[in-house]
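Reader: I would like a close look at a single part of this model, followed by where that part sits in the rest of the chain. Please keep it plain.

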Amino acid sequence: MTRQRATTRGRANDEPPAGNASASRVHKAFHDLRYGPAPEGDQAATEWLEGGERVFGHYIGGSWIDGAGSIRQTRCPADGRLLASFNDGTTDDVDRAVSAAEEALGPWQEIGGHARARHLYRLARRLQKRSRLFAVVESLDNGKPVRESRDLDIPLAIRHFYHHAGWAELAPSEFPGYEPVGVVGQIIPWNFPLLMLAWKVAPALAAGCTVVLKPAEYTPLSALLFAEVAHEAGLPPGVLNVVTGDGATGVAVVRHPGTAKIAFTGSTEVGREIRRVTAGTGKHLSLELGGKSPFVVFDSADLDAAVEGVVDGVWFNQGQVCCAGSRLLVQESVEAEMLDRLRARMETIRVGHPLDKAIDMGAIVDRVQMDRVQGYLEAGRADGAEIWQPDRPLPQDGLFLPPTLCTGAPPSSTIVTEEIFGPVLVSLTFRTPAEAVALANDTRYGLAASIWTEDMSLALDVAPGIKAGTVWVNCTNMFDAASGFGGYRESGFGREGGREGMWEYLKPVAEKPGGRVATEPAASESPAAVEAPPVAVPPSVLGPMSASPAPSRDRIDRTRKLWIAGKQARPDGGYSLPVADATGAVYAEAPRGNRKDVRNAVEAAAQARAKWAQQSGHLRAQILYYVAENLAVRREELAHTLGRATGADAGAARADVDAAVQSLFTFAAWADKYDGSVHSTPFRNVTFAMNEPVGTIGIRCADHAPLAGVIGPVAAALSQGNVAVVVVSERCPIPALDLVQVMETSDVPPGTVNMLSGIHGEVVPTLAAHDDVDQLWDFVADDLSGDSERLSAGNLKRVWVDREGVVNWLEMTRRDTEMLLRKGTRVKNIWVPYGV
Amino acid sequence: MVVRESATSVGYGPGRHEATATAHPRNPGAPLDLKAVRDVRVNRFAADHRARTLTTRRSVKRDSQAGWLLRAVTMIDLTTLAGDDTAGRVRRLCGKARRPVRTDILAVLGVPPAEIRAAAVCVYHALVPTACEALGGSGVPVAAVSTGFPAGLSPFATRIAEIRESVAAGAEEVDVVITRGSVLGGGWERLYDEVAGFREACGDAHIKVILATGELGTLANVKRAATVAMMAGADFVKTSTGKESVNATLPVGIVLARAIRDYHRATGVRVGLKAAGGLKTARDALAWLILVKEELGDAWMDPRLFRIGASSLLADIERQLEHHVTGRYSAFHRHPLG
């Protein structure tokens with residue numbers, strides 16, 4: 001099927017002369033001063049739809065392919081008119097699309113950054129030239145006011161392509177040591193169809209990836225129009241493929257072995273499922289999920305401005321916005337005044353047909369969504385909330401909801417805790433800034449927040465305290481391609497936009513195999529020995545304590561313990577594991593941690609978290625240097641331990657210790673130097689991109705480099721203000737456990753680092769599933785890593801499995817260091833507009 | 001209240017929030033509430049943002065637009081404030097005020113000419129008698145700029161005397177300027193006393209207090225100054241003299257509207273808003289009308305509560321009205337000069 005190009009004819013400029021009926025309307029308008037109809041023409045959009053007889057296929061490999069799947073229709077939610085029909089993409093369709101993308105991948109990378117920049121620039125230009133058609137199509141399909149699609153969705157989408165034309169040009173030089181991840185599967189939602197397409201497609205193409213895009217089943221049209229425009233613009237076949245369909249098609253994209261990365265924007269529940277499905281596959285993943293974003297109004301705010309902010313915050317796009325400021329937290333002293341003003345403002349909100357240029361709110365995207373929102377309202381009412389809506393008539397036909405304010409809801413009510421994704425604002429009060437932060441963070445989500453106060457000291461105190469990827473001070477729903485957008489917690493991970501967004505489409509170029517030198521077990525030189533663990537008899541076979549080290553008459557028996565909350569702790573289970581040296585002889589015992597030890601360690605880390613995060617970089621560096629100092633003093637002893645554990649010769653063992661000392665110096669150095677940035681966003685404001693600590697990081701250590709491989713990630717985590725729960729190497733735990741004495745004497749605050757040994761299969765899953773662990777680093781990369789990824793879906797902690805073994809702990813490169821610092825931080829963008 | 005009666009005789013229907021459209025109560029003023037003045041908080045970015053989006057959120061087209069533009073005409077204080085103003089110039093302007101739009105255009109629009117006249121004619125003191133004579137019987141009041149307009153830095157007694165003389169000469173409205181230094185120096189009592197003094201000198205004449213917002217430095221100062229002026233009894237707060245380098249901007253309009261709204265919330269009294277300076281196109285006029293409707297409500301969509309001080313604006317509105325009637329874009333020379 002070949003779609004015709006839309007022939008857009010201009011509407012006649014000359015308006016017809018006024019007639020008699022018109023005259024009476026003029027006189028009436030003179031007296032009542034109402035807004036008359038101000039419709040945006042839909043002729044061009046209709047012509048475009050008719051040009052393809054209102055039937056769409058998939059866009060695969062540069063051609064339009066008739067779909068074989070069941071037929072689906074998309075309708076305008078404001079009036080129910082049929083817009084077009086399209087197919088649910090089948091696994092075969094997805095397979096074809098992935099193949100096309102795979103085929104296009106090589107040439108797309110070979111043409112280089114500059115050529116890709118030209119393509120992206122051309123896409124931006126082509127979009128711009130057809131911006132009104134896109135706006136009208138978007139509003140018809142989604143139901144959003146044409147004002148929004150015209151002034152926000154489409155211009156922002158265009159801006160993304162311009163911005164990323166820049167990244168295409170710069171990526172080869174700005175991201176040395178990285179390459180594109182490959183074929184990317186992208187699944188986008190229905191609330192900002194073209195904008196979400198731009199957020200996904202632009203960085204992917206800029207990085208050198210090729211794309212299989214699945215638009216939402218309610219709103220496929222702008223993506224199909226985009227495919228047409230991209231085709232016209234000469235984007236090489238297969239670089240962008242669009243397969244329409246519902247969730248089943250999305251699943252096919254996610255499961256397809258050919259997609260190296262999945263980028264998803266949508267609900268947290270679906271995001272969780274995608275996390276589970278991709279677990280263990282090695283697919284890269286970025287998720288931009290739901291939110292219940294706080295909108296915090298202090299008594300020092302310009303209340304009228306804050307009221308307008310609420311309008312922009314929660315009634316933008318009928319509230320169908322992932323970052324909608326749907327939880328109003330207002331200081332008790334101004335609550336009455338704020339709500340009073342807000343209700344008055346709500347009376348003037350106009351709800352109407354999306355193509356009417358004088359409305360504030362359009363239609364809800366689909367009956368299903370409308371029913372869902374009304375269900376929440378009923379539940380809220382049942383919970384005792386007062387539901388207030390302005391007394392204005394809504395359009396009769398179509399799916400419309402008025403702006404809604406809920407007060408007096410108990411904090412446990414679902415209207416307070418759940419993302420409603422509709423025009424519903426819930427209001428709560430607070431007394432102090434600390435309470436405001438506590439309430440703001442009392443949610444599983446962490447996408448965005450808005451803070452209103454004229455007191456900048458207050459704003460800049462509160463902004464870092466709120467767990468959210470974006471914080472808007474005295475503004476809301478501000479977006480720009482130069483500033484990354486993405487969540488904390490169950491709002492997902494990864495950023496879209498800016499430099500931080502580009503990382504999501506790049507992966508480190510893996511070292512050549514064998515590049516990793518090591519204090520790996522000496523026996524590893526023989527291939528057979530690699531598979532045999534240095535533990536002579538696997539504990540799981542023998543059972544605990546069945547192989548104790550042979551007592552040595554002239555040595556005092558040595559007991560290694562776990563290190564939890566700054567204390568050496570015996571394992572909860574009361575078992576130890578025999579540890580064998582490189583020759584297979586059992587020479588020591590290690591405590592066998594269990595799930596309760598994990599619980600205790602995570603608890604201790606949580607206790608230490610806030611304080612450590614607030615320490616200055618200078619102080620964190622001092623402690624890391626001190627650890628290095630004390631480690632260096634024990635160089636010979638630790639080298640000896642390493643030699644015993646791994647069979648490494650004295651030189652190699654010392655090199656491991658020295659590498660550990662050096663990584664402490666390296667990350668101490670970075671503690672006060674891994675600065676954030678200020679983005680160049682095109683508004684009169686400062687957009688701070690702050691590198692914030694992730695929180696509690698679980699670290700699963702590799703067997704090779706049993707010392708440097710522990711110290712390295714711990715130092716990286718600590719330097720950026722994180723706390724760590726470390727699961728040391730299963731095979732070679734002793735050198736790591738001996739580090740406890742070093743850290744104990746180096747002013748490492750209790751709980752900041754916690755060390756666990758044991759059988760990884762017994763402790764790592766508990767850590768991976770723990771809801772108070774914010775990230776997991778896995779340097780082992782085995783089947784258990786896949787399990788961890790699956791288990792992480794509970795709280796959607798990001799799991800980093802170094803599957804390619806890119807980090808060389810013994811000889812860290814600039815790239816490795818930067819990667820660890822980046823993994824150990826999350827970018828929070830704080831928008832602070834200014835002016836007098 | 002002669003002026004008001006003639007204005008009501010034009011016959012505006014009741015506003016959405018107002019049951020009656022009879023004589024509009026004047027602002028009796030209120031004690032100076034320093035706390036309210038000092039608590040003022042205005043966020044510039046948010047005001048700018050609101051100003052930017054007000055006119056994209058609302059659109060008035062075709063017949064509605066023609067109706068709105070005619071209403072805008074009735075809100076104009078036709079103004080001439082130049083050193084070379086003469087009796088002849090002022091008489092011509094008054095003629096335009098009596099009949100601002102060609103009657104053939106009004107006929108096609110179906111609006112009786114009696115309903116369309118300017119809100120006032122605004123001149124310097126020396127031309128008040130000429131204007132009063134030229135407007136006699138039209139119901140269009142004469143407004144005098146006063147108190148050492150535009151800088152307002154002549155002796156207080158002189159300024160008071162100037163008001164009295166203009167009122168004696170027949171001015172029914174007086175546009176006074178404030179001492180900007182009182183705002184910039186935080187002299188709120190001084191400002192209050194000054195405006196209260198002006199108000200007293202005005203007697204029955206309505207007082208429009210020009211804040212010269214372009215010279216007040218910050219939007220917060222604009223709101224504070226407006227608040228004090230209203231407490232001191234202003235019937236209108238007015239953006240500018242037209243002589244400052246920055247005149248009536250939409251963000252300033254928003255801030256003034258919100259000050260008026262707050263005063264209404266606190267006292268139940270409706271104070272008027274006058275935008276002056278820089279409004280040149282029909283589009284500007286529509287933007288201000290949208291601002292007033294959205295921020296203040298329909299009660300203010302009335303010449304008793306909203307004025308536009310302008311000289312060239314009317315000509316552009318006339319062109320747009322003719323375009324509405326003929327379907328052809330119009331030219332300035334097709335409309336009688338004001």
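How are α2(A) and α5(A) oriented to each other: roughly parallel or roughly perpendicular?

Author: This is a predicted model. Helix α2 (residues 43–51) of chain A and helix α5 (residues 131–142) of chain A have axes that cross at roughly 80° and come within 9 Å. An angle of 65 to 115 degrees counts as roughly perpendicular, so α2(A) and α5(A) are roughly perpendicular to each other. On the α2(A) side, the contact is made by Ala44(A), Ala45(A) and Trp48(A). From α5(A) come Leu133(A), Val136(A), Val137(A) and Leu140(A). By class, the residues of this contact are seven nonpolar, with no polar and no charged ones.

Now the wider setting. The domain assignment divides chain A into domain 1 (47–289 + 504–508), domain 2 (294–349 + 403–485) and domain 3 (522–550 + 561–673 + 693–825). The centres of domain 1 and domain 2 of chain A, taken over C-alpha atoms, are 31 Å apart. Nine residues from domain 1 of chain A and nine residues from domain 2 of chain A take part in their contact. On the domain 1 side, helix α6 (residues 146–174) of chain A gives the most, with six residues. That side of domain 1 of chain A has one nonpolar, four polar and four charged residues.

As for confidence, chain A averages a pLDDT of 93, and 93% of the residues score at least 70. Residues 4–15 of chain A stay under 50, and the model has 16 contacts beyond four places in sequence for them. Residues 513–545 of chain A also stay under 50, with 61 such contacts.

Notes
Residues numbered from 1 in each chain as written. Chains lettered and ligands numbered in written order. Predicted model: local features only at pLDDT ≥ 70, side-chain atom pairs only at ≥ 80, totals over all residues. Domains from an automatic or database assignment. Contact = placed C-beta atoms within 7 Å. Helix = DSSP H or I, 4+ residues; strand = E, 2+ residues; numbered from the N terminus. Nonpolar A, V, L, I, M, F, W, Y, C, P; charged D, E, K, R; others polar. Axes fitted to C-alpha atoms, helices over the stretch in contact; angles between N-to-C directions. Parallel < 35°, antiparallel > 145°, perpendicular 65-115°, else oblique. pLDDT = per-residue confidence, 0-100.
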